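Work through the exercises below with the sequence and the structure at hand. Each task is followed by a solution in steps.

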Amino acid sequence: MTEHRLAALQRRLRAEDMPAIVVSNTSNLRYLTGFEGVIDDGINAACLVTQDAALFYTDHRYSDVAVAASEGTPWEIRVQRESLYVELCEDLKAMGVAVLALETSVPYGRFSFISEQFFGSVRVVDGWLDEIRQVKEEEEIVRIAEAAAVTDRAFEHIVAFVRPGQTERDIALELEFFMRRNGSDGIAFDCIVAGGPNSAHPHATVSDRVVGPGEFLKLDFGARVGGYCADMTRTLVIGTATDRHREIYGAVLAANEAGLAAVRAGVPAWEVHEVARAVLEERGLAAHFTHGLGHGVGLDVHERPTVSPKSHHTLLEHSVVTIEPGVYVEGFGGVRIEDLVVVEEGGYRLLSHSPKQLIEI
Ligand SMILES: [Mn+2]
């Protein structure tokens, strides 16, 4: 049951003296209502939450399942007659709500439409749901851990599968198929499989390039279980590793371990980034580490907190974050080693259990 999530949002409304908020971001709808099997990426739906009411608007395609899912919850289902937001604005008027909060993620067209339809004033608020979502409940952590376990099994499978002569696309498809075949509903994001020079691009897109000896092969992928994502990166060497491969790999692994060791509840996220970056600095490789150390993971693969030099977030107990330092050498290749962890009071609990020693294939 997810009533406490709704209650947390209603507390925020009271604290901010805000009469109501419209939530239409799909992950936020899913989180807030807890409706299973109702909300998909194509849904036409919105939540209207006031300080003491919760209304879920959708159209007739979803009305039966929404009504069934809402049984025994505080949610009242409203089925669209002509236009969802016209009717929502009429309800606001009937309730006497004069100020309405919208999320920053609301598309501009919808923002304009609501602004025109709503007789009162509109205010955009930042991150209210993201803040609530940052601290995971036990059942959410269980799902993320399951997604991480499927991801680990996919890594074990792909290490046995990969051969020189395959293309990045062959390997990415195999990863995706394995995960979906073994309990992943869809995947958390498009698998990144990047060989040789392509591995020097942090978020390379999968190509038809053939993987060959003497190259790094970077694999960044994640399963999704019960709506919750996993995210892990491992980097292999095809053929025999050279001293250059070992130097870069060893530096990234040391940065990954230092970053993990800095994780605990209450630490500013930027400090954890800095600890890992300092390890690469000592080895003269910090200039090749060009992104943040990590990010929160949950219903979305990238969510609060941001673990980067400019982050103002703090690691909170029961947040789930990645620790993923990387070194990218243009024209040669790149290494990233990414683990998923639960932040705990005095440290962390590792959810990614795939081996991290250098693997040569
Ligand atoms: Mn990641």
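The exercises cover a metal site, a sheet and an aromatic pair.

The model is predicted: local features need pLDDT of at least 70, side-chain atom pairs count only at pLDDT 80 or more, and totals for chains, interfaces and linings use all residues. Residues are numbered from 1 along each chain as its sequence is written, and side-chain values use heavy atoms, with hydrogens and water left out.

**Exercise 1.** Find the residues that coordinate the manganese ion and give their spacing along the chain.

Solution. Look for donors, which are N, O and S atoms within 2.8 Å of the metal (3.2 Å for Na, K and Ca); water is not among the atoms, so sites may look incomplete. At 2.1 to 2.3 Å, the manganese ion has Asp231 (OD), His295 (NE2), Glu324 (OE) and Glu338 (OE). Their spacing along the chain is D-x63-H-x28-E-x13-E. Histidine 295 belongs to strand S12 (residues 294–296), while glutamate 324 is in the loop between strand S14 (320–323) and strand S15 (326–329), 29 residues apart. Strands (E, at least two residues) and helices (H or I, at least four) are DSSP runs, numbered from the N terminus. Histidine 295 and glutamate 324 are both buried, that is, under 20% relative accessible area, where over 50% is exposed and in between is partly exposed (1.4 Å probe, protein chains only).

**Exercise 2.** Determine the strand order of the sheet that holds S11, and state how S11 is covered.

Solution. Start from the pairing rule: two strands pair if DSSP finds at least two bridges between them. Strand S8 (residues 215–221) runs antiparallel to S11 and is joined to it by seven bridges. Glutamate 215 has isoleucine 238 in S11 as its bridge partner, and phenylalanine 221 stands opposite methionine 232. The open sheet has three strands in the order S7-S8-S11, with antiparallel pairing. Strand S7 (192–195) and S11 each have a single partner strand, so one side of each lacks a neighbour in the sheet. Now check the faces of S11: Met232, Arg234, Leu236 and Ile238 on one side, and Thr233, Thr235 and Val237 on the other, are all buried. Seven of the seven residues of S11 (residues 232–238) are buried, so the strand is largely enclosed by the rest of the structure.

**Exercise 3.** Classify the ring pair of phenylalanine 35 and phenylalanine 56.

Solution. Rings of Phe, Tyr and Trp (its six-membered ring) pair if their centres lie within 6.5 Å; planes under 30 degrees apart count as stacked, over 60 as edge-to-face and the rest as tilted. The centres of phenylalanine 35 and phenylalanine 56 are 5.2 Å apart and the planes stand at 75 degrees, so the pair is edge-to-face. Both residues are buried. Together with Trp75, Phe35 and Phe56 form one aromatic cluster.
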